[in-house]
Amino acid sequence: MDARFNMFDNETAMKFFKRFANAGLVIQQSPLPKATQELVSLRASQINGCGWCIDMHTKEAVAEGESAVRLHLVAAWRESTVFTEAEQAALALAEEGTRLADASQGVSDETWAQVRKHYDDDQIAALVALVALINAANRLAVIVHQRGGSYQPGMFAAAFD
């Protein structure tokens, strides 16, 4: 499957991506732990089948020092012992916020209570924005068949410096 359209070679798309990257920068600079940001982005990308984003967030997490064991277990986080309670709450929010059509209530009260237990208001704002942003990024990449495998750590950020 080849990419249908090169979003990085289009002027309109690049204008959009610059603003998209700025929104991401707000999240990156938030007090939400970087490891949590990458784990949440990876999990939503797995659910959405976005090879480009899985590639990006796996490599960015490794560059930040994340362990291979934890990255391999993100897809089965409920069945593993390597994530903190706070990370589990964030991963649950990522899943429920990504699978909105699968549940009539969206994010459950139980998951929300766990998120409130482990994160302050600024971290929650960043976490909710991150789930929305990564789902949008996944859709952009999946629609145009942007394939994973060629991403290098820092590549996305460097494109908008």
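How much of the accessible surface of the protein belongs to carbon and sulfur atoms? The accessible surface comes to about 8800 Å², and 55% of that belongs to carbon and sulfur atoms. Accessible areas come from the Shrake-Rupley method with a 1.4 Å probe, and for residues only the protein chains shown count as cover.

This is a predicted model, in which local features need pLDDT of at least 70 and side-chain atom pairs count only at pLDDT 80 or more, while totals for chains, interfaces and linings use all residues. Residues are numbered from 1 along each chain as its sequence is written, and side-chain values use heavy atoms, with hydrogens and water left out.

The secondary structure comes to 8 helices and 0 strands. Helices (H or I, at least four residues) and strands (E, at least two) are DSSP runs, numbered from the N terminus. The C-alpha atoms fill a box of roughly 45 × 30 × 30 Å along the principal axes.

Of the 161 residues, 42% count as buried. Buried means under 20% relative accessible area, exposed over 50%, and partly exposed in between (1.4 Å probe, protein chains only). Two buried residues are set out below.

| Residue | Helix | Relative accessible area |
|---|---|---|
| L71 | α4 (residues 68-73) | 9% |
| N138 | α7 (residues 121-143) | 1% |

Contact means heavy atoms within 4.5 Å. Leaving aside residues up to four places away in sequence, L71 touches L39, L42, T58, A61, V62 and E66. With neighbours within four places likewise left out, N138 is in contact with A44, S45, N48, C50 and C53.
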